Amino acid sequence: MSEILVLVEQVDGEVKKVTLELLTLARGLGTPAAVWAGPGYTPDAKAKLAEYGAEKIYVAGSEEITGYVVGPKAELLAQLVAGKSAAAVLVAATAEGKEVAGRLAVKIDSGVITDAVGLGDGFVAEQSIFGGGVNVQSKVSRGTPIVAVRPNSTAPEAAAGAGAEEEVSVSLSDAAKSARIVERVKQEKGARPELTEAAIVVSGGRGVGSAENFSVIEGLADALGAAVGASRAATDAGWYPHQFQVGQTGKTVSPQLYIAAGISGAIQHRAGMQTAKTIVAINKDPEAPIFELADYGIVGDLHQVVPQLTEEVDKRK
Ligand code: FAD
């Protein structure tokens, strides 16, 4: 079977969950081959990738690969697609993953599908388009399919692969080196999971009422081991940092469970969360549009409902 290249997402050598999801998807389509781009490869990383089915692991450990903005990763993948006659390339539909996918598509003259929420036989992808308003089945009809898959679209399942390593060197073009990274500022790693990767997200909107009141949202999030999100109304008001905004101009999340508290459900907010598996809305207005989308709706004041939920979750631990 032909190889399916999976670009590994990692932080400080730790393989991100989305990569395990991509390997799980790849197993059903061909021979999964993980591509490690940059330094930091460790025996732990190898073990993790093999545990989730990587038959091959291509390791391109050069510092140059992560020293420049995305260009080198696209060139590395282009080289591997040609050299290994890969059947497809899977990347995470993160900001960086999508940019790599786009650049790779141009380099290898292939079609690209972004924001896939499923991928099946013949590389037919279920794709969330028009800001999440519509789901369609899409297939690349030219070249080697490149598919950017949203985190949390697939449950990662372990199934051992051989994990055979192969070192890869890549000679970068001047174009790939046109934007150099001059500084990396490490964000404090909070106790909460990363928003786009979290299995559960609890988001607050204008209904939360103030920055201080976001502690109510955080309380439920912490009880559930969830990430915190916010609507644009809440971030624009300065109640919560912009990096946690969910929606068209914020982050796109696809968790197993999304709890929206005090959020009306504007189309721009939906664009970032409507592929969540289960949506719970808490709103005091029974006519709020979010209830059209929600699997479970609670009509009530979030300042009463959310603390009760938190208490109940804590009790059941
Ligand atoms: P509101 O629409 O004001 O809704 C507040 C809700 O809280 C209401 O339904 C109300 O009934 C309820 N409520 C009030 N008090 C309580 C209470 N005590 N208990 C329970 N419920 C209560 N928005 C985003 O979120 N993300 C984006 O990325 C985004 N991008 C945008 C891009 C563009 C180009 C534009 C034009 C807009 C964008 N918006 C985005 C803004 C979007 O249109 C909405 O204005 C925004 O989502 C509204 O946020 P909200 O639901 O928190 O506030």
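User: Is Ala-101 buried or exposed?

Analyst: Ala-101 counts as buried because its relative accessibility is 0%. Please bear in mind that this is a predicted model.

User: Which element holds Ala-101, and what does Ala-101 touch?

Analyst: Ala-101 belongs to helix α5, which covers residues 95–108. Leaving out residues up to four places away in sequence, Ala-101 touches Val-91, Val-112 and Ile-146.

User: How far apart are Ala-101 and Lys-73?

Analyst: In sequence they are separated by 28 residues, and in space by 9.5 Å from C-alpha to C-alpha.

User: Val-112 came up among those contacts. How does strand β7, residues 112–120, pair with β8?

Analyst: Strands β7 and β8 (residues 124–129) run antiparallel and are joined by 4 bridges. Within this pairing, Leu-119 has Ala-125 of β8 as its bridge partner. The hairpin they form has 3 residues between the strands, and Gly-122 takes a positive phi near 70° there.

User: And what is the sense of the pairing between β8 and β9?

Analyst: It is antiparallel, with 5 bridges between β8 and strand β9, residues 134–138. Glu-126 stands opposite Gln-137 of β9.

User: Changing topic: in what order do the strands of the 5-stranded open sheet run?

Analyst: The order is β13-β12-β14-β15-β16, and the pairing is parallel. The edge positions belong to β13 (227–230) and β16 (296–299); each has a single partner strand, so one side of each lacks a neighbour in the sheet. From one strand to the next, the twist averages 15°.

User: How many bridges are there between β14 and β15?

Analyst: There are 5 bridges, in the parallel sense, with β14 comprising residues 257–261. Ile-259 faces Val-280 of β15 across this pairing, standing opposite that residue.

User: Which helices lie across those strands?

Analyst: Helix α6, residues 214–224, lies across β12 (200–204), β13 and β14, and runs at about 170° to β12. Helix α10, residues 302–315, lies across β14, β15 and β16, at about 135° to β15.

User: What about the second largest pocket: how much space does it have, and which residues lie nearest its centre?

Analyst: The second largest pocket holds about 460 Å³ of space. Its lining comprises 25 residues, and those nearest the centre are Arg-206, Ser-231, Gly-262, Ile-263 and Ser-264. The elements contributing two or more residues to that lining are α7 (232–236), α8, β15 and α10.

User: Why does Thr-275 count as buried?

Analyst: Its relative accessibility is 16%, and the cut-off for buried is under 20%, so Thr-275 falls in that class.

User: What does Thr-275 contact?

Analyst: Apart from neighbours within four places in sequence, Thr-275 is in contact with Val-117, Ser-128, Arg-150, Val-253 and Ser-254. With Arg-150 there is also a polar contact of 2.9 Å between the two side chains.

Note on methods. Residues numbered from 1 in each chain as written. Predicted model: local features only at pLDDT ≥ 70, side-chain atom pairs only at ≥ 80, totals over all residues. Heavy atoms only, no water. Buried < 20%, exposed > 50% of the residue type's maximum accessible area, 1.4 Å probe, protein only. Polar contact = N/O pair within 3.5 Å; in protein donor to acceptor, adjacent residues only side chain to side chain. Contact = heavy atoms within 4.5 Å. Pairing = 2+ DSSP bridges. Axes fitted to C-alpha atoms, helices over the stretch in contact; angles between N-to-C directions. 1 Å grid on protein atoms, 1.4 Å probe; cavity = no way out; pocket = protein on both sides within 12 Å on 5 of 7 lines; lining within 4 Å. Points joined across faces, edges and corners; volume = space filled by probe spheres on them.
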